[in-house]
Amino acid sequence: MTDEQYMQQALKEAQKAFDAGEVPVGAIVVMQDKIIARAHNQVELLNDSTAHAEILALTTAFNFLGSKYLPEAILYVTLEPCLMCSGALYWSKIGKIVYGADDEKNSYRRSTGENNPFHPKTALVGGLLKEECAGLMKAFFKTKR
């Protein structure tokens, strides 16, 4: 599969969050061309402010592999990670992060500026299917106003 096809899978997860009344963020973890984890925001369902798609996907991947590190894995997430998620991603030592839409209000950059909070060996790619990812967020918040 291509990066775009993997991000489409993350968008499917984001749609599940949207349908459940959650902020529509979806994430998948890929390793050796296989999806090993899927998740979407479940903050409202679990009444847990840490139940972000990235955190849930990481936990699933750790459990699947029986490991606390993911240096050979790629996270595809529909929204730029927040500071909390960037900390979890740092500790996971994930190999690569690919995100869709920018998050000017809550991204890690709001607290870190241009300093990279991820592990030094983690590659970061932003803007993949940016319009599709941002469109889902805009549609969600339009229903809330």
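I find helix H1 (residues 3-19) and H6 packed at an angle of about 5°, their axes 10 Å apart. Helices here are DSSP runs of H or I, at least four residues, numbered from the N terminus; axes are lines fitted to C-alpha atoms over the stretch in contact, with angles from 0 to 180 degrees between N-to-C directions. H1 and H6 are therefore roughly parallel to each other (angles under 35 degrees). From H1, Met7, Leu11, Ala14, Gln15 and Phe18 make the contact, and from H6, Glu132, Cys133, Leu136, Ala139 and Phe140 (contact: heavy atoms within 4.5 Å). I sorted this contact by class: eight nonpolar, one polar and one charged residues. Ala, Val, Leu, Ile, Met, Phe, Trp, Tyr, Cys and Pro count as nonpolar, Asp, Glu, Lys and Arg as charged, and the others, Gly among them, as polar.

I am reading a predicted model, where local features need pLDDT of at least 70 and side-chain atom pairs pLDDT 80 or more, while totals for chains, interfaces and linings use all residues. Numbering starts from 1 along each chain as its sequence is written, and side-chain values use heavy atoms, without hydrogens and water.

The axes of H3 and helix H4 (residues 83-92) come within 9 Å and cross at roughly 20°, which makes H3 roughly parallel to H4. I list Glu54, Ile55, Leu58 and Phe62 of H3 against Met84, Cys85, Ala88, Leu89 and Ser92 of H4. By class, this contact has seven nonpolar, one polar and one charged residues.

H6 gives the largest share, five residues.

Note on methods: Helix = DSSP H or I, 4+ residues; strand = E, 2+ residues; numbered from the N terminus. Parallel < 35°, antiparallel > 145°, perpendicular 65-115°, else oblique.
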